[in-house]
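Subject: Handover of a structure and its findings

Dear colleague,

Please find below the structure that I am passing on to you. The findings follow directly after it.

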Amino acid sequence: MTSASATTTKAQATAPAVQSPASIAPAVSTAPHDAGLLLLRVVLGLTVAAHGVQKLFGWFDGGGLSGTGQFFTASGYPAGETMAAVAGLTETLGGLALAVGFLTPLAGAAVLGTMINAAAVHGPGSFFAPKGMEYEFLLAAAAAALTLTGPGRYAVDRLLPVPALRTHRLSLGAQALALGVVLAAVTLLVRD
């Protein structure tokens, strides 16, 4: 004869475990999903990187550090050439990192922060081009989406020995986005 507590313990041991939402493994990504993320990363990353080299080197009819620095000064940023270098490096390195899927959460956050500043300069009071911020808004949203979703399987992050990058988590993306927004806000605070 078994006791009631032994029966209860035996029943608990054989009952299937209930999984909490946090313990459920993320869905396996599919080839079409990963191909779509790759396309988005490459197009967004190279577009942003091209804007960066316009600022840094004057390529693609850009202003270079001098011309872009004058624009930054006229837009109220202190030390225009320094700010042009910071923006150019952020766009170039962040864009290239997004394109190849390297440190994707930080790359996406860098692009987001830069686009927040660009939207503040180009589009106050208007959404649509040519004087609005729709272009910057679209780039910022795409960068934020990649930061939250991760780069997909076709990315350098999958080869790095950092488990958090190989198995991208929403919390990591959200933290990176928060960092990008805070740094963008600090940069906007130094603007006149």
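What percentage of the 192 residues of the chain counts as buried? The figure is 35%. Please bear in mind throughout that this is a predicted model.

Overall architecture

The chain contains 8 helices and 0 strands. Read from the N terminus, its elements follow the order α-α-α-α-α-α-α-α. Among contacts between residues at least 6 apart in sequence, 66% join residues at least 24 apart. The accessible surface of the chain amounts to about 11,100 Å², and carbon and sulfur atoms account for 72% of that surface.

Salt bridges

There are 2 salt bridges in the structure. In one of them, arginine 153 pairs with aspartate 34, and the closest N and O atoms are 2.4 Å apart. This pair links distant parts of the chain, 119 residues apart: aspartate 34 belongs to helix 2 (residues 31-57), while arginine 153 sits in the loop between helix 6 (134-149) and helix 7 (163-166). Is aspartate 34 buried or exposed? Aspartate 34 is buried, because its relative accessible area is 0%, under the limit of 20%. Arginine 153 has a relative accessible area of 32% and is therefore partly exposed, since that class lies between 20% and 50%.

Lysine 55 and glutamate 91 form a salt bridge as well, with 2.9 Å between the closest N and O atoms. Lysine 55 lies in helix 2 and glutamate 91 in helix 4 (residues 80-100), so the pair ties together parts that are 36 residues apart in sequence. Both lysine 55 and glutamate 91 are buried.

The surroundings of glutamine 54

Glutamine 54 is also located in helix 2. Which residues does glutamine 54 contact, leaving aside its neighbours within four places in sequence? They are Trp59, Phe60, Asp61, Gly62, Gly63, Gly64 and Thr68. Glutamine 54 and glycine 88 are 34 residues apart in sequence, and their C-alpha atoms are 7.6 Å apart in space.

Aromatic pairs

The structure holds 5 aromatic pairs. One of them joins phenylalanine 72 and tyrosine 77 in a tilted arrangement, with 5.3 Å centre to centre and 50° between the planes. Phenylalanine 72 and tyrosine 77 are both buried. Together with Phe71, these residues make up one aromatic cluster.

Phenylalanine 127 and phenylalanine 137 form an edge-to-face pair, at 5.8 Å centre to centre and 70° between the planes. Phenylalanine 127 is in the loop between helix 5 (104-122) and helix 6, and phenylalanine 137 is in helix 6. Phenylalanine 127 counts as partly exposed because its relative accessibility is 34%, between the limits of 20% and 50%.

Val100, Phe102, Leu103, Leu106, Leu179 and Leu183 together make a nonpolar surface patch of about 500 Å². One of these residues, leucine 179, is placed in helix 8 (residues 170-189). With a relative accessible area of 41%, leucine 179 is partly exposed.

With kind regards

Technical notes. Residues numbered from 1 in each chain as written. Predicted model: local features only at pLDDT ≥ 70, side-chain atom pairs only at ≥ 80, totals over all residues. Heavy atoms only, no water. Salt bridge = Lys/Arg side-chain N within 4 Å of Asp/Glu carboxyl O. Helix = DSSP H or I, 4+ residues; strand = E, 2+ residues; numbered from the N terminus. Buried < 20%, exposed > 50% of the residue type's maximum accessible area, 1.4 Å probe, protein only. Contact = heavy atoms within 4.5 Å. Areas by Shrake-Rupley, 256 points an atom, 1.4 Å probe, with all protein chains shown as cover. Patch = residues over 30% accessible without salt bridge, like charges linked within 9 Å, V, L, I, M, F, W, Y side chains within 5 Å. Phe/Tyr/Trp six-rings, centres within 6.5 Å; stacked < 30°, edge-to-face > 60°.
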